[in-house]
Amino acid sequence: MRRGSIASLVGIGVVAGGIAAAVALVFPWLPKPASREAGRIDFEFWFVVTICIVIFAIVAAAILYSIWRFRAAPDDDSDGPPIHGHTKLEIVWTIIPTILVTSIGITSAIVLARDDKTGKNYMQVDVTAQQFEWSFSYPSAHGLTSATLMLPKGRSVLLVLHSRDVIHSFWVPEFGQKEDTVPGLRTTLHITPDRLGTFPVICTELCGLGHATMRTTAVVMTPAAFNKWLKGQSKAVASPNTATAGKAVFTNNGCGACHTFAPAGTTAKIGPDLDKLAAYAQQAHQPLDAFVRTSIVSPNAYIQPGYPKNVMPQTFGTSLSKQQLDALVTYLVGGKK
Amino acid sequence: MTAVTVEHHEMTPRTGGHWSLLYRAGLIRGALGFCLLGAFGFGLVVVFRWWGGWQPLLDMQIITLVSLLVTGPIGFLAGIGAFDYWVYYALGSPTRPEDHSGHGARTWRDYFRVNTDHKVIGIQYLATTLVFFVIGGFLAMLVRTELARPGMQFVDTQTYNGLFSVHASLMIFLFVIPAFAGLANFVVPLMLGAPDMAFPRLNALSFWLLPIAGIMMLSSFVVPGGAFACGWTGYVPLCSTHQPLGAVFFNQGVQWAGASSIMTALNFLVTIITMRAPGMTFWRMPLLVWANFTTSLLVVIATPFIAGSQFFSMFDHVMHTAFFDPQKGGYPLGYQHIFWFYSHPAVYIMMLPGFGIMSEVISVFSRKPIFGYRLMALSLMAIVVLGFSVWAHHMFVSGMAPWLRVPMMITTLLIAVPTGIKVFSWLATMWEGKLHLLTPMLFALGFLSMFVIGGLSGVMLGAVPIDIHVSDTQFIVAHIHYVLFGGSVFTIFAGIYYWFPKMTGRMYDERLGKLHFWLTFVGFNLTFFPMHILGTEGMPRRVADYAPKFADLNMFISLASFGLGASVMVFLYNIITSMRNGPIAPGNPWRGLTLEWQVTSPPPIFNFDQIPQVVGSPYEYGVPGAQHAVLAPSPAREVEEVGVP
């Protein structure tokens with residue numbers, strides 16, 4: 001190879017690499033991390049992307065240079081030089097990629113080990129997924145449950161994931177971490193939130209018709225605000241006022257993810273509109289109270305026309321206590337009699 | 001196919017009146033067979049349920065499964081004559097080993113029959129798979145229409161989930177895998193210097209299983225409850241216990257497509273091992289043959305695993321077994337392990353034949369020997385071996401044993417090495433060559449650049465921490481399309497253009513071919529590249545509704561995807577018009593050295609008048625006087641040319 005051709009090859013490579021690097025820098029690729037784990041994942045991401053850009057630039061340069069310099073005239077019937085191989089070159093392009101992927105493997109393994117390490121003083125949160133809602137319970141607060149994931153900043157959190165029906169997957173893009181919830185298995189995920197804010201919780205494993213709407217939010221608050229929230233919630237649940245308690249049950253079990261209900265301010269349209277319960281009960285020829293109770297405990301007993309069967313979870317009969325169920329029914333029926 | 005040669009065989013006399021259509025092998029007897037055996041399956045279920053005292057007697061779920069999806073298709077196969085020869089043999093009737101009436105095509109009707117000619121079967125495969133490619137592409141257009149805006153506008157969720165599930169299943173099981181089988185069917189025996197495949201009747205049967213599989217998957221849309229809507233991966237328990245009857249159509253469709261794949265792979269293995277022309281040592285085989293040899297190894301070893309996974313899932317669905325049902329002690333992750341033990345090697349089943357096509361095209365259009373031939377063949381073998389040790393990288397977030405992640409990451413990253421060797425060797429093949437940028441070569445260059453992007457995003461996914469973040473997001477959608485569209489589909493297009501003159505005896509339109517390439521190349525990148533960004537930013541896959549902040553990018557992708565869809569029309573127009581009116585192709589339009597170019601276009605019915613003698617490497621471009629094979633000069637053509645209306 002002549003010196004001039006090496007120079008132009010390198011030139012094309014620099015331009016191709018520059019374009020790729022610009023694409024990498026201009027677009028907002030990763031959300032701003034909100035956990036220490038996401039920070040490490042971001043490091044690994046950019047480490048690998050840098051290697052990828054270099055390799056892409058080399059390949060692009062070779063292709064473009066070949067097209068530019070080695071293109072034959074249409075009537076040129078001659079052949080190229082009969083080069084069958086070059087052992088040293090072949091060894092080089094076996095060894096260098098091996099070294100590169102090994103370095104990716106080692107850094108990844110380190111990041112993975114550090115991301116999974118909970119330390120001693122961690123807080124456990126039990127995450128229960130079911131079609132199509134999340135609920136979070138805090139063993140340290142006597143099993144208080146919430147439909148939004150509330151977390152204190154700076155605390156190592158171990159999420160223990162369960163599923164009541166099919167496989168779901170827990171993901172908060174800003175936390176970086178993700179893990180499936182598998183029926184019959186206990187899976188775990190470790191996060192250490194390090195930025196205040198409200199972030200989406202997304203189900204990323206196809207779980208049925210409501211998969212796209214199986215969402216809630218994760219709120220990272222200061223430790224003081226978090227403790228205050230814990231206390232306030234514990235009070236509301238124990239409240240003798242059944243409407244307040246009913247609203248807590250409605251919110252904490254994620255009913256609003258699928259149902260419209262004006263008193264709770266929800267507008268989802270996957271399941272029947274709960275503002276129309278009285279009319280539904282009439283169509284089903286049942287007294288309102290009994291109708292609402294049955295519909296929660298065994299949803300398939302009566303299906304409102306226009307809505308599919310087997311979408312509403314069938315597990316509330318066992319997961320809600322008698323008190324909670326009473327409170328919820330009162331809350332839903334409230335004011336419509 | 002304007003002229004075919006007819007030699008040493010007799011055409012079957014067409015006798016009998018209209019009634020003979022009912023008992024003569026063909027589509028009409030096929031329909032009859034479908035009805036008869038379907039009714040038999042129906043009766044079988046009813047009799048068993050009556051005997052066992054089960055209620056209700058008419059359980060439509062079981063009846064549909066047994067009669068429509070199992071016995072009916074067997075009846076169809078018997079009806080079209082796929083088993084005729086074997087039945088004659090088994091019954092002791094005189095067989096006619098030298099009867100070639102079912103061999104070769106004289107009229108277009110012969111393409112709708114059981115035909116034992118590998119060239120006819122190759123074209124049957126390609127035509128069928130292109131039909132499913134167009135249907136699968138249409139489903140993708142519907143998916144993109146719904147995704148153009150956030151919220152639900154166009155279809156309901158059940159339909160949407162069905163659309164992307166059937167799209168993926170058709171593209172994988174009815175397009176990419178069998179399209180490669182079709183190209184290889186046509187080319188491999190020619191390249192080996194063989195008159196046909198080792199088992200021509202098995203070859204015919206393999207093809208006819210395909211339309212059954214495709215129609216089965218498509219018809220799930222009209223089953224009560226809708227199509228299977230759990231993705232092409234069919235994860236349990238969603239797909240086994242939470243799905244309408246359509247899921248069984250997927251389970252069973254995969255069985256038919258898988259059986260077809262396995263039979264074809266066995267056929268290739270035996271053909272390649274036993275039917276090479278004299279002098280054709282393993283180290284003189286073209287890399288396309290090597291690629292199909294290694295692919296067939298993967299198919300034969302891996303495909304039974306997906307068959308198993310789908311049977312178990314279906315048993316859970318219809319027979320209430322508990323292979324994967326955790327409530328009865330089953331293990332949901334067991335499904336994923338068995339499924340990916342096939343479906344990861346399947347990625348290479350969809351890639352290696354394309355690598356083979358690339359080696360042929362790049363060498364011929366660069367007018368240079370393939371660089372590092374032996375290392376190219378050995379890296380195929382390395383991919384086969386490593387390919388079986390990486391399956392759990394699809395399961396980094398699945399909840400499997402955490403210790404399994406790092407070993408699977410290492411094997412996954414290492415498989416980039418043999419793949420890299422291939423890419424660098426193709427680049428070195430072009431170096432200092434005489435590049436002719438005709439349509440097949442354009443698609444080869446498009447493949448090289450796109451596949452590198454797909455391969456590099458694959459390395460990113462191999463790194464566990466990155467995979468944890470982007471798993472099940474649009475990033476995965478982008479990655480698989482860079483690998484399977486930018487990779488496999490580009491090579492299929494390159495292969496179809498490259499062998500089009502050989503298959504049809506006519507040249508395609510070069511200008512339309514180039515237009516097709518550029519529309520595809522630009523449309524492909526505009527469609528799939530932005531999906532990387534959507535995924536890393538936080539948009540999951542398999543959703544019809546998404547956060548409003550992703551609206552603009554999704555609209556952009558949808559518009560680009562319609563352009564990409566339109567580009568296929570240019571391709572179809574080109575091949576259909578060129579097949580009828582293109583200029584007559586010479587035997588060797590690309591001045592290739594491999595054996596298929598040394599015979600007429602299209603080749604004679606038994607390929608070679610005399611078995612050729614192979615004397616050297618297939619890629620000796622630029623070596624003065626080099627020859628790959630010596631063909632006996634054909635005795636002054638006594639062969640009668642017959643024009644076909």
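Which residue of E2(A) stands opposite A:Gln130? The residue is A:Glu133.

## Basis of the model

This is a predicted model, in which local features need pLDDT of at least 70 and side-chain atom pairs count only at pLDDT 80 or more, while totals for chains, interfaces and linings use all residues. Residues are numbered from 1 along each chain as its sequence is written, and chains are lettered from A and ligands numbered from 1 in the order in which they are written.

## Strand pairing in chain A

Strands (E, at least two residues) and helices (H or I, at least four) are DSSP runs, numbered from the N terminus. Strands pair if DSSP finds at least two bridges between them. E1 (residues 123-130) and E2 (residues 133-138) of chain A run antiparallel, joined by five bridges, and a hairpin of two residues connects E1(A) to E2(A).

E1(A) also runs parallel to E5 (residues 157-163) of chain A, with seven bridges between them. Here A:Ala129 stands opposite A:Ser163.

B:Val568 lies in helix H20 (residues 551-581) of chain B. This residue counts as buried because it has 20 C-beta neighbours inside 10 Å (buried: 20 or more other C-beta atoms within 10 Å; exposed: 12 or fewer; partly exposed: in between; C-beta atoms are placed from the backbone).

Leaving aside residues up to four places away in sequence, B:Val568 touches B:Val134 and B:Gly137 (contact: C-beta atoms, placed from the backbone, within 7 Å). The C-alpha atoms of B:Val568 and B:Leu519 are separated by 8.9 Å, with the two residues 49 apart along the chain.

Key: Two residues are in contact if their C-beta atoms, placed from the backbone, lie within 7 Å.
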